[in-house]
Every structure is written in structure tokens, then in C-alpha cells.
Amino acid sequence: MIRVSDLRKSFAEVEAVAAVSFTAENGEITGLLGPNGAGKSTTLRMIASLLKADDGRILIDDVDIAKDPIEARRRIGVLSHASGLYPHLTARENIRYFAVLHGMSRPQTDRRCDELQSLLDMHDIMDRRAKGFSQGQRLKTALARALVHAPKNLILDEPTNGLDVMAVRALRELLSALRQSGHCILFSSHVMQEVAMLCDRVVVIAHGRVVAQGTIEELRAQSAEPNLEDAFVKLIGSAEGIN
Amino acid sequence: MRSIFLVFAKEFLENLRDRRTIMAALVFGPVLGPIMLAALLQISTSRGGDSLDEPMTLAVVGSQYAPQLMGLLESRDITIKPVELDEVQARRAVREREHATVLRVPEHFATRFANAAPAPLQLFVDASDRFGGFKEAERVRGVLERYGTELGQTRLLVRGVDPLLLAPIVVQPVDVSTPASRAALMLGILSYLVIFAMLMGGMYLAIDSTAGERERGSLEALLTMPLPRSYLIYGKILATSAYMLIAVSLTVAACTVTLQFIRLEEFGMSIALGPVSALLIVLFVSPLILFGASLMTVVASFTRSFREAQSYLGMVISVPTLPLAFIGVLGLTPTAWLYMVPSLSQHFLLTQVLRGETPSILNVLISASVSLTIGMILAWVAGRLYEREAILG
């Protein structure tokens, strides 16, 4: 479970995140939806403890990220926006590196690699060097790397960017499976259909603020627009009106 | 601690597969070192070697006016080639390297010679042609002046004057240089080469593990690992250091082997580089490794891309090392405080070992402890840099 309250972050003069509060529950997929530059990535980076919040609180399964960032990191898997691999290492070696940094033993790591290999259908690339991997192959490897320590919470920043249809489908199936097994999944996107198709709950962010949150149905009701696209435009548009 | 080692192991193994790192660490120094040594030796021998016995040809204008003199020159292996040139033509002929040098005997030479008046000779030479015409002209001048001196002494004797009166002071230079000290330039270059190869060996890894990691986009994921960020960078610095140690060891080994085949004594030089001094060199230079690795990591951490890092590090490694090559020639005397300067102190220790001297324990300790301390401070600075958010770029 990820609980975020009153998160704030500024870069120099620019206020990237002004007031963000939400809760991402276990066994649910929570989507952060908003236009580019709304503050989604900054929020996720703070949750991943890559950036320090200026103000506010982040709890990962009741671990305060400001107080114990190392313990918090153990409990999350992060698929960051730029999830680069080490080109001279094979997919397996890339995954293994993160496993050992998580303190996993060799047999544990090997078993987990085999599991991930079947889960993500990586048989053909597992022992190939990452140099020259396709976008989809890179994503699979990065995802396996983020999942290697079997974290309860998974954070994905724009995971479908640049993926082909098949890869997106595979990712969607995987996330559904993880939800089924009780994981807490938080991901950001600026693609409405994707969020609508996948998410149990949606947090709409614009200009660094949460402008609406709830299930798809709730959002539809809130905006009084039967069409989802119109609903989002209205929600985000009204946010601009607030500023 | 374990995680530092894990990062080290991964960086070390990964870079074994990187062509650039391998070239820089395992090929650059060990191959270029001996080649540079051989090339240098070639230069110094072609300059220092004695060419006095080589036969040479001298263009002479008006050789018919001084047949005796020509005979003298011929007897010194200088072949006379009579030519017809006026003064302007002679100047041009030398300037355009048609002749290396031209000797002109004026018409009135014989008369003045017979009258015991100073008999003039003109020697045309291009002083900027240092290894060609100038050298030949010097040789001709030497022969002529020696002849002139002898002749003058004879003339004095004939007139009943002791020729020694003409030499009220005699300066005798006493050459105290040893074969090793004559090799000063070689020593400087060799020591520069060793230190440069060492830095070069770690350069690509320092870039790859910082700017490269960020450019590839793997840094963010790495920073979400449950360990202090400074541990990551310590592991990377250790891996860089390991490659630097390998590079320096191989370079010293390659130079040692090469020098066994070159008989430096024949060129009046000697460099003490056997297995023992090779080990000492690696030992004395290794405290500089941490300094170099941390410095390169810190600099590369500030850059935005691999390319940018490359150009900065190019400067970082040549600015402190290049002057080393010339210190021996400049004659900078090592004082205690100079042993506190990283890279300079290692240079002094290296040249001492190469000269066959034993450096004082105190200087070795000063050099090692100061370099290691600064190295550790720089490593700590690198660790701090990675705690900053700006490192994400």
C-alpha cells in the first residue's frame, strides 16, 4: 500500500508538485493520469525515493520514506521512465545484479530468474546481451529487474511509452495478474484509454495538484459526462480554471 | 560493505566486455609505452651518435687557391667538390639546401697566408638546419681551427716565442654525469608514460559508470536499490582503480621487457628497470590510483554526456601529467613539500628508482599518505555528489 499526503516539490522557482494526496491500495491498480508536465513523474520519483519531497509524507506499507528510505526501497519495485539496461550484460545478468543488490542469495536469485523468465516470456532473450534489444525486450528485462525482489508495491512511470501493441497487451496482462495476487500497482500515463482499461482507481493530476480521484464510474459521475474522454477534459480543464 | 563489493564486481566484469575500456586499460599503455620508448631512443641516438667518421662532401669555391688546405681536409675524410659560385650564389645554394655548406677561398688567400697575415675563409651555413648543414659546417670549422692553432703555434716558435703565452688560462671541464643522469629525458618520459597509462586505464570506466550510466538511463533504477548511494559510487571507484592498477602493471611490465632488449649503455645511458624496480614502481605509484580514480569520477559526475565527460577527462589527465615529461629537463629539485603533490611526488620516486637510487622511506611515506588522503577525500566528495538530486540530470 502506498499512502501519499500533501506532497510538495519545487525545482528552483517552478512548483512541480503543489498538493498531491492519494492512497494506492493492495490488490488494485491505481493510475496517475494527467497531461505532460502535470507532475506525475515528479510524484513517482519522490515515491521511489529518487527525489526528496519539500513537504508532505509518503508511507510504503507504513514505512515512512523520509525516515527509513532503505527499508522503503526494499518494499517497492520501480520501473522508471528511462529504464536503461547495461548493454554488455545479458538480460539475466542485468536482473541478477539488482537481485544481489537487494541482498538475495545466489540460489534465491536463480530461482527467481526462472520464475520471471516464464512470467514475462523471456526465454529467447534471457541469455542474450542487452545491446540491441527491442523496446519491448528492454521493457521486459527492466520489468523483471524491478520485480526481482518480489516487491509488494510496484511503481511504473509511463510504462507503455514507445511500445508496440503486442507489448502493451502483454504488460496489461501481467499487471492484471499481479493485481490478482494482491500487489499494489501505481502507474502514470497520459493515455486515457490505457488508464480506463486497466485501472481500478484513477488520480487525475494537473498543474501539480490532484483535481479528481475515484473509480472510472465515480469520475464519470463527478464530471456529469457520460463519455470518458469528455469527463477527463472537463476535469483537467476545470483545474486550469482554478489556477 | 558487501554491496560495495557487489557493485565493484559488476562494474569490473561488465567492463571486461567493453572494447573501449579494454583498449584503454590493457592495450594503450602496454603497447604504446614500449613503442614510445623505442622512438625516443631512435631520436636521441640519431642526435647523440658520432658522425665525425662518416665521409662527407664539401663544396669549395676557389679550391685552387689553397691546395694544401684541401689536402688537409681530404685527409680528414672530407671530399672536396670544387664549385664555381659567387657570394650571392653560394648563399642561395646553401639556403636552398643545394649544398649543405659551402667553403669559399678568396683569391688573395695565398698571398695573405704567405705574409702571415690573417687569411680569411668564408663558410656558408644555414644555422637553422641543425642536424644537416650546421653539423657539417661545425666539423669543417673544427678541422680548420685546429689547423690554424697549430700553425699559429709553429709561427710563434719560429719567432722564438713560447706559444703557451697565448694560453694564460686553461679551463678543463670535468664531466660528472653518469649514464643514468644522461638519460634524464628518457626517465622523465618513462615516468610520465607510466602515470599517464595508469590514468588512461581507468578513464573509460570512470565515464561509463557515471555519465554513461546516466545517459543510458540505468542510473535511476540503480538509485532505487536499498543501499546508500555513496556505496554505489565507492564500488565504481574501486572498479576504476582496479583497471588502473592493471594498466599500470602491464605498462611497467612491457617497458621492463622492452628495455632488456635495448642496450642503453651503448648510448651512454642507463635505466635501472629490472623485475625488482618494476615492482617498486608499481608499489610507489599505486597510492595515486585512488586519487586518480576519484578525481575522474568526480569530474565525470558533473558532465551531462559520455562525450562531454570524455573531453573533460582528456584535460584532467593530461594537465597534471604532461609537465612531468619535462621536469627532468627543467631540473626541478625535489624538496620535501613537493613530495606532498600527487603525481609529482610519484614522478620523483619513479625517476629515483629508474636512476638506480633508493628513495628515502620518509619521502615514500609522505607521497603515499598525502595521495591516499586526498584520494579518500575525493571519493567522499563523489559519494556526496551522488546524494544530491541533481545527479539524476
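Because the model is predicted, local features need pLDDT of at least 70 and side-chain atom pairs count only at pLDDT 80 or more, while totals for chains, interfaces and linings use all residues. Residues are numbered from 1 along each chain as its sequence is written, chains are lettered from A and ligands numbered from 1 in the order in which they are written, and side-chain values use heavy atoms, with hydrogens and water left out.

**The interface**

Select both chains. Chain A puts 31 residues into the contact and chain B puts in 24 residues; contact means heavy atoms within 4.5 Å. About 2700 Å² is buried between chain A and chain B, and carbon and sulfur atoms give 57% of that area. Buried area is the accessible area (1.4 Å probe) that two parts lose on being put together, summed over both. On the chain A side, select Leu50(A), Tyr86(A) and Leu101(A): these lose the most area to chain B, together 25% of what that side buries.

Next, show the polar groups. Ten residue pairs are in polar contact between chain A and chain B, both residues at pLDDT 80 or more. A polar contact is a pair of N or O atoms within 3.5 Å; within protein, one must be able to donate a hydrogen and the other to accept it, and residues adjacent in sequence count only if both atoms are side-chain atoms. Colour helix H2 (69-74) and helix H3 (91-101) of chain A, each of which supplies at least two residues of the side that touches chain B. H3(A) gives the largest share of that side, five residues. Helices (H or I, at least four residues) and strands (E, at least two) are DSSP runs, numbered from the N terminus.

**Salt bridges between the chains**

Three salt bridges are counted between chain A and chain B. A salt bridge is a side-chain nitrogen of Lys or Arg within 4 Å of a carboxyl oxygen of Asp or Glu. Select Lys9(A) and Glu389(B), which form a salt bridge with the closest N and O atoms 2.8 Å apart. Then select Arg17(B) and Glu93(A), where the closest N and O atoms are 2.7 Å apart. This pair crosses between chains, from the loop between helix H1 (2-16) and helix H2 (19-48) of chain B to helix H3 of chain A. Glu93(A) is partly exposed at 22% relative accessible area (buried means under 20%, exposed over 50%, partly exposed in between; 1.4 Å probe, protein chains only).

**Salt bridges within a chain**

Over all chains, the structure has 29 salt bridges. In chain A, select Arg8(A) and Asp55(A), whose closest N and O atoms are 4.0 Å apart. Arg8(A) lies in strand S1 (residues 2-11) and Asp55(A) in strand S4 (residues 55-60), so the pair ties together parts that are 47 residues apart in sequence.

In chain B, Arg216(B) and Asp208(B) meet in a salt bridge (3.1 Å, N to O). Asp208(B) is buried, at 6% relative accessibility, while Arg216(B) is partly exposed at 23%. Also select Lys10(B), Glu11(B), Glu14(B), Glu213(B) and Lys236(B), which are linked in a network of salt bridges.

**Helix H10 of chain B**

Finish at residues 275-285 of chain B, helix H10, where Val276(B) is placed. Val276(B) is exposed, at 63% relative accessibility. Ser277(B) is also in helix H10, but counts as buried at 11% relative accessibility. Not counting residues up to four places away in sequence, Ser277(B) touches Ala272(B) and Val353(B).
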